[in-house]
Amino acid sequence: MSQLPKSEAPRSAEIARSAEARLEVLTRINRAVAGTEVPELPAYPQSAPLSREEIVEQFEDRILDYRAAFTRVAAQDVPGAIGAALGEVRRVVVPAEFSDAWLPAGIDVVRDAPLLSHAQLDGIPAVITGCAVAISETGTIILDHQGDQGRRALSLIPDIHICVIRAGQVVQTVREGTEQVAPSVRAGRPLTWLSGGSATSDIELVRVEGVHGPRHLKVIVVDG
Amino acid sequence: MSGLHPAQPFPEAAREQVNQPQLRANLRKVTHTIREKRLRATQELPHWEELRQLGEATKDASLADLSNRLLTLEASVKARGGQVHWARDAAEAREIVTRIALAHQVQELIKVKSITSDEIELNKALDAHGVHAIETDLAELIVQLSNDTPSHILVPAIHRNRAEIQALFNAELPGEGHLSDDPAELAGAARRYLRHKFLTTKMAVSGGNFAIAKTGTVCVVESEGNGRMCLTLPEVLVSIMGIEKVLDRFEDISVFMELLPRSSTAERMNPYTSFWSGVTPGDGPQEFHLILLDNGRTDVLADDFGRQTLRCIRCSACLNVCPVYERAGGHAYGSVYPGPIGAILTPQLLGMHDQNANTLPGASSLCGACFDACPVRINIPQVLIYLRGEAAQHKGPTLEALAMHGMRLAMSEGWRFEGAVRLARFGQGPLVHNGKITALPGLLGGWTQSRDLNPFPPQSFREWWRQRGQGQTPEVDAAPPQAVQ
């Protein structure tokens with residue numbers, strides 16, 4: 001952090017003020033809730049469990065409902081599905097550890113290693129990532145930004161986001177999804193939850209897809 | 001309106017607002033649309049009620065154990081390389097943000113929509129120090145460019161229609177001037193304008209929807225992606241959060257990610273949610289400040305009955321179901337917190353001695369729709385009634401209290417009541433026009449502001465009954481007299 005200009009005096013005054021404020025707020029809280037019991041939490045309500053196949057089908061239904069693209073393929077067909085999702089686009093950025101075996105031939109692949117600048121990312125039309133877990137009930141994809149997903153800016157700045165998800169990564173409920181990524185959070189990793197593409201309904205409640213985030217989300221689910 | 005402080009009592013502000021046809025049409029459209037969608041989204045989950053109860057208990061547990069959780073949060077954020085600041089009031093919070101901005105010598109910063117930052121009137125304070133805060137949420141940008149104030153928690157520019165936004169963007173956004181009124185085109189213009197800002201601005205300010213004590217994690221829930229941009233691309237991030245937003249463990253977030261989007265935008269899940277813990281090396285801002293704001297919250301906490309107000313997760317479901325909000329609109333509440341939740345939160349944050357804010361608990365018909373819609377089961381109607389009582393106590397001896405005392409005396413004995421009715425029948429003469437009373441004098445004038453009153457009938461039921469008992473046929477024929485209204 002850059003230091004305050006010139007004098008150190010304002011800084012020490014600020015430290016004293018903050019310590020005083022902290023003490024006062026905590027004291028006020030303790031006085032306010034003195035003697036209040038911390039209630040026991042009721043059990044988390046359970047959804048009726050779906051089969052593996054039903055879970056993937058539900059996930060597809062939700063993704064399509066968000067007006068994002070959905071494809072389901074066998075492992076050997078991933079490069080073809082990515083190629084189809086890219087359409088005319090011939091240049092993509094991928095995270096450092098994204099699998100080479102999934103990339104189609106004949107496209108210009110940029111790896112985010114060493115890290116690209118934000119301006120460089122802004123010049124690349126598409127990004128391909130994996131994910132940490134996906135949730136079928138809500139059509140949510142969770143990134144914990146490990147090696148096959150890359151840092152947060154990577155899946156944010158390009159206009160097309162292609163996300164490759166193994167079928168086994170899709171769980172049914174929000175609770176299961178949250179539990180799966182809890183270890184990542186405890187390890188200090190950031191998370192991004194994606195449910196469809198960027199959207200706004202701020203003008204007369206008319207839904208507009210694509211404001212600041214990637215305007216196109218394309219989901220590829222891989223069996224096996 | 002500035003921050004929390006209403007400039008006038010609710011009835012006066014509402015009278016101005018209900019006379020705006022555009023506002024009322026927009027409000028009717030948005031509230032009805034979201035209302036129906038929300039029902040579909042919540043009915044899809046068979047265990048919605050159990051989720052509400054879990055959400056309620058999880059928030060209550062946090063409030064009961066608040067100081068421990070805040071201390072844990074502070075330690076966790078620091079352990080992850082972040083800095084934590086405590087602010088007793090709005091002025092302290094403004095000062096902390098301003099100091100950080102000046103230390104980095106920025107002239108401009110980008111902001112994620114944050115009602116807490118509006119509560120402390122941050123933008124104005126930054127402006128006074130030569131720092132311009134750019135709102136990046138589309139609706140907030142519309143509000144900011146037109147020097148307006150938000151009127152809804154979720155859709156702050158709902159009082160503006162597309163033609164107004166078209167004219168505004170054509171005039172105010174650099175390089176534009178030929179935009180149509182197509183919402184997609186208008187959103188596209190905002191994207192072009194803000195993308196350069198996102199990529200080049202050094203500092204961002206956000207609020208926080210939730211924070212996790214044990215992991216030092218802050219969470220921002222959004223739709224457009226402007227949140228992700230602000231939370232990821234700048235070098236310095238400052239998040240301002242009310243002390244009541246803290247949860248214990250990361251797993252506690254799950255129930256709120258089920259409750260909030262379905263209650264708020266009526267979606268199964270909102271498009272984007274970001275979580276971060278302090279500073280992540282090589283990813284996102286490398287300097288992070290978390291400001292924990294009291295600003296009246298500990299006063300709300302100290303009230304055993306009003307405390308439940310602090311469970312609020314700012315979903316705005318109560319606004320969308322409220323018949324008073326639908327007609328009066330957000331500006332009538334005079335505070336950054338409008339609608340039913342604002343009617344209980346604003347006066348409690350400011351204290352019931354605030355003579356404008358303490359009229360807000362009257363802004364309700366007590367229909368109860370807000371309680372049914374609330375995902376964390378805040379019993380808003382009961383808190384409203386409770387606060388009306390508190391407000392009456394803060395008024396001290398008034399003419400109204402004196403009148404009520406007289407009324408109690410008159411109604412305590414039958415003979416007194418009958419005497420009073422006879423007196424009223426005699427006294428109402430000059431007020432009756434064409435068989436109706438349309439304007440009562442003095443204190444009672446409030447009643448006839450929006451409705452007419454039937455006059456006292458020539459004979460009361462008791463008088464008629466007594467006459468009947470004496471074997472006389474009453475003048476009004478066999479029909480019972482008109483009931484006293």
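Reader: Quick one first. What makes a residue buried, exposed or partly exposed?

Author: Count the other C-beta atoms within 10 Å of its own, all placed from the backbone: 20 or more is buried, 12 or fewer is exposed, and in between is partly exposed.

Reader: Okay. Where does Asn147(B) fall, buried or exposed?

Author: Asn147(B) counts as exposed, because it has 6 C-beta neighbours inside 10 Å. One caution: this is a predicted model, where local features need pLDDT of at least 70 and side-chain atom pairs pLDDT 80 or more, while totals for chains, interfaces and linings use all residues. Residues are numbered from 1 along each chain as its sequence is written, with chains lettered from A and ligands numbered from 1 in the order written.

Reader: Good. What about the phi of Asn147(B)?

Author: Positive, about 50 degrees, although Asn147(B) is not a glycine.

Reader: And where is Asn147(B) found?

Author: In the loop between helix 8 and helix 9 of chain B. Helices (H or I, at least four residues) and strands (E, at least two) are DSSP runs, numbered from the N terminus.

Reader: Let's follow the chain into helix 9 of chain B. Which of its residues are buried?

Author: Helix 9 of chain B spans residues 162-172, and Ile165(B), Gln166(B) and Phe169(B) are buried there.

Reader: Why are those on the same side of helix 9 of chain B?

Author: Because they cover an arc of only 105 degrees around the axis. The arc is that of the directions from the helix axis to the C-beta atoms.

Reader: Which residues are on the other side of helix 9 of chain B?

Author: Ala163(B) and Ala171(B), and they are exposed.

Reader: What covers the buried residues of helix 9 of chain B?

Author: The cover includes helix 8 (138-145) and helix 10 (183-200) of chain B. It rests on contacts, which are C-beta atoms, placed from the backbone, within 7 Å.

Reader: What follows helix 4 of chain B?

Author: Gly81(B), whose phi is positive, near 90 degrees. Helix 4 itself has buried residues, among them Leu66(B), Arg69(B) and Glu74(B).

Reader: How many bridges join strand 9 of chain A to strand 9 of chain B?

Author: 4 bridges, between antiparallel strands, with residues 191-194 on the chain A side. In strand 9 of chain B, Phe275(B) is the bridge partner of Leu191(A).

Reader: And how many join strand 6 of chain B to strand 9 of chain B?

Author: 6 bridges join residues 217-222 to residues 272-277, and these strands also run antiparallel. Val220(B) stands opposite Ser274(B), and Val221(B) has Thr273(B) as its bridge partner.

Reader: Is strand 9 of chain B buried or exposed?

Author: Mostly covered: 6 of its 6 residues are buried. Both faces are covered, with Tyr272(B), Ser274(B) and Trp276(B) on one side. Thr273(B), Phe275(B) and Ser277(B) are on the other.

Reader: Zoom out. How many helices and strands are there in chain B?

Author: Chain B has 22 helices and 12 strands. Its C-alpha atoms fill a box of roughly 100 × 55 × 45 Å along the principal axes. Of its 485 residues, 49% are buried. Among contacts in chain B with a separation of 6 or more, 73% join residues 24 or more positions apart.

Reader: Now chain A. Which peptide bond is cis?

Author: The one from Ala113(A) to Pro114(A), with omega near 0 degrees. Pro114(A) is in the loop between strand 3 (108-111) and helix 4 (118-122) of chain A.

Reader: Last one. What does Ile220(A) touch?

Author: Leaving out residues up to four places away in sequence, Ile220(A) touches residues including Thr71(A), Val73(A), Ile82(A) and Ile165(A).

Definitions and conventions
Pairing = 2+ DSSP bridges. Contact = placed C-beta atoms within 7 Å.
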